Each structure stands twice: as C-alpha cells, then as structure tokens.
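Dear colleague,

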Amino acid sequence: MSEDSKHLLGAPDSDGDEGQTTPPTQIPVNVGAPPEYYPQHTAPVYQPNLPQYYPSSQQQSNTTVVVAQQPGVTYVQAPSRPNDYLGLSIFACLCCFWPTALVALIYSCQVNDRYAAGDFAGAEDSSQKARTWAKISIIVGVVAVAVIVGINVISVIGALISAGAST
C-alpha cells in the first residue's frame, strides 16, 4: 500500500505514530457552472504537512463522498423564421392597389426585425398581417381593373351603338 493511500484510508504512519492519520483537507471543486447556479462541492485532498491530531484511541473515518451535479445543457430551438411576404408586397405595391400594399410592405419589413430581436410571436403576427394586406391589395387592384375595363368596354360598345344608329 502506498503512503498516499495509507494516509487517505487512515492507516498508521510508517514513523511509528500508531493510529494517527492526516485528515484530508476540503477544497472547492468547480463543476463547470457559475457559483450562483450550483453550490460549491468539496473533494478531499491529501496534504502530508498537516499536524497529526487524531489520538490513537479514536477511530476516525475519513470517507468523503463527493457528489457533483454536472450542469445540464438545455437546447432551445427557436421557431422557424416566418415568411415575410416581401415579394408579394412589392408586387401588390407596383401592380395592384398601392395604398394598402404600402401597409403590407411595412409589415413585411417588420418580420425580420422582430425575429432577430427574439419576438417570435410578433414576427409571426407581422407575417400574417403582411400576407393579409397584400391579398387585400391584390383583390382591390383586380376588382378596380375589372371595373375600369368594364366601364371602358361599355363606353366603347355604347359609342359603337350610337355611331351605328346615326348612320
């Protein structure tokens, strides 16, 4: 048995001091986390220069159990980035009814900013509003074009009818 293990197990020293052992010293052990999250744990460390102060008649148990809880790693997966509908908003702004398409364009630009800031619910809300306003712009634009084309067709037909009636 080595001298180190004799001292840790409480065996008598080789210099004749029967039953006197060197107690282990307790030092803090860092378990990988800041101390405010986990209490500091201790582990025995053998130091041969400490005075031997246990009388030989006392049986001292130097068994120390170290239980160290390792810091857990928690992975939080951010929700996927919502669609910003920027292309649809630009299309609605250029080809359809631009006043409501500008609202869609503003909401489209907010999606990425809110997602980057960690406001995932706000990013999803802006995405839905951008899609809704872009659809409104397209519907209003298609209806407006249909009404204008219809009015022009009716006026051309009316002009043809009045020109044919006058001959």
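This is a predicted model: local features need pLDDT of at least 70, side-chain atom pairs count only at pLDDT 80 or more; totals for chains, interfaces and linings use all residues.

Residues are numbered from 1 along each chain as its sequence is written, and side-chain values use heavy atoms, with hydrogens and water left out.

The chain as a whole

The secondary structure comes to 4 helices and 2 strands, where helices (H or I, at least four residues) and strands (E, at least two) are DSSP runs numbered from the N terminus. Along the sequence these elements follow the pattern α-β-β-α-α-α. The accessible surface of the chain comes to about 11500 Å², of which 62% belongs to carbon and sulfur atoms; such areas come from the Shrake-Rupley method with a 1.4 Å probe, and for residues only the protein chains shown count as cover. Of the 167 residues, 20% count as buried, with buried meaning under 20% relative accessible area, exposed over 50%, and partly exposed in between (1.4 Å probe, protein chains only). Among the contacts (heavy atoms within 4.5 Å) in the chain with a separation of 6 or more, 60% are accounted for by residues 24 or more positions apart.

Helix 3

Helix 3 covers residues 98-116. Its 19 residues should span 27 Å at 1.5 Å a residue, and its end C-alpha atoms are 28 Å apart, which agrees; the expected span is 1.5 Å times one less than the number of residues. The buried residues of this helix are T100, A101, A104, S108, V111 and Y115, and they pack against helix 2 (86-95) and helix 4. An α-helix has 3.6 residues a turn, so residues three or four places apart point the same way.

A104 is buried, with a relative accessible area of 0%. Not counting residues up to four places away in sequence, A104 touches S89, A130, W133 and A134, and its C-alpha atom is 8.5 Å from that of A92, which is 12 residues away in sequence. Just after helix 3, G118 takes a positive phi of about 90°.

Helix 4

Helix 4 runs over residues 120-166. Within helix 4 lies S137, which counts as buried because its relative accessibility is 0%. The side chain of S137 reaches the backbone oxygen of W133 at 2.9 Å, and a polar atom of that side chain lies 2.8 Å from the backbone nitrogen of A101. Leaving aside neighbours within four places in sequence, S137 is in contact with A92, C96, F97, T100 and A101.

A144, also placed in helix 4, counts as partly exposed at 32% relative accessibility. A144 and C96 are 48 residues apart in sequence, yet 8.7 Å apart in space from C-alpha to C-alpha.

I161 is found in helix 4 as well, and at 55% relative accessibility I161 counts as exposed. Together with V145, V149, V153 and I157, I161 makes a nonpolar surface patch of about 430 Å².

How values were computed
Patches are made of residues with over 30% relative accessible area and no salt bridge: like charges are joined within 9 Å, nonpolar side chains (Val, Leu, Ile, Met, Phe, Trp, Tyr) within 5 Å. A salt bridge is a side-chain nitrogen of Lys or Arg within 4 Å of a carboxyl oxygen of Asp or Glu. A polar contact is a pair of N or O atoms within 3.5 Å; within protein, one must be able to donate a hydrogen and the other to accept it, and residues adjacent in sequence count only if both atoms are side-chain atoms.
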